[in-house]
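I open this notebook to record what I looked up in the structure below. The entries are kept brief.

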Amino acid sequence: DMEAACQDETGAGGAKRDEDEVGVSRVAWLLEEHMGEITALRSYLRNILEEMDDMRVLLQFQLLCSQNQLLRAEVGFQMATAWICAGGLIGGMFGMNFHNGFESSLSGPFVSAQQGGGWNVS
């Protein structure tokens, strides 16, 4: 028994320790390789996140530009509507009071009304 124990510690046991050391060094090497890959993946993901942030900023800028164009168009339509309304108001207020000559002429759309063929206003 004593010889077997001594042989385990020096002979066959020494070969097993060498295998264990090779296994441990292999695992350590694999861990280092995986850590390198994880570091590269983290860097790649960080770059993707930065690109996503840049894309978000670009999309916000494009949306703001589109919103500004829509607001500009809306202001243009409102100004055109205001000018048309102002023209209608001025025409409504002063148009009936000005004599421009169409009332007494016998040509144009008033011919039938003035010649007595249309309306009878007596």
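Is L59 buried, partly exposed or exposed? I find that L59 counts as partly exposed, at 45% relative accessibility; buried means under 20% relative accessible area, exposed over 50%, and partly exposed in between, with a 1.4 Å probe and protein chains only.

Basis of the entries. I note that this is a predicted model, in which local features need pLDDT of at least 70 and side-chain atom pairs count only at pLDDT 80 or more, while totals for chains, interfaces and linings use all residues. Residues are numbered from 1 along each chain as its sequence is written, and side-chain values use heavy atoms, with hydrogens and water left out.

Elements. I counted three helices and zero strands in the protein chain, in the order α-α-α from the N terminus. Helices (H or I, at least four residues) and strands (E, at least two) are DSSP runs, numbered from the N terminus. L59 belongs to helix α2, residues 12–94.

Confidence. I looked up pLDDT, the predictor's confidence in each residue, from 0 to 100. The protein chain averages 77, and 59% of the residues score at least 70.

Surface. I read that buried residues make up 2% of the 122 residues in the protein chain.

Cysteines. I checked for disulfides, defined as pairs of cysteine sulfur atoms within 2.5 Å, and the count comes to zero. A disulfide is a covalent bond between the sulfur atoms of two cysteines. C65 counts as partly exposed at 32% relative accessibility; C85 is also partly exposed, with a relative accessible area of 49%.
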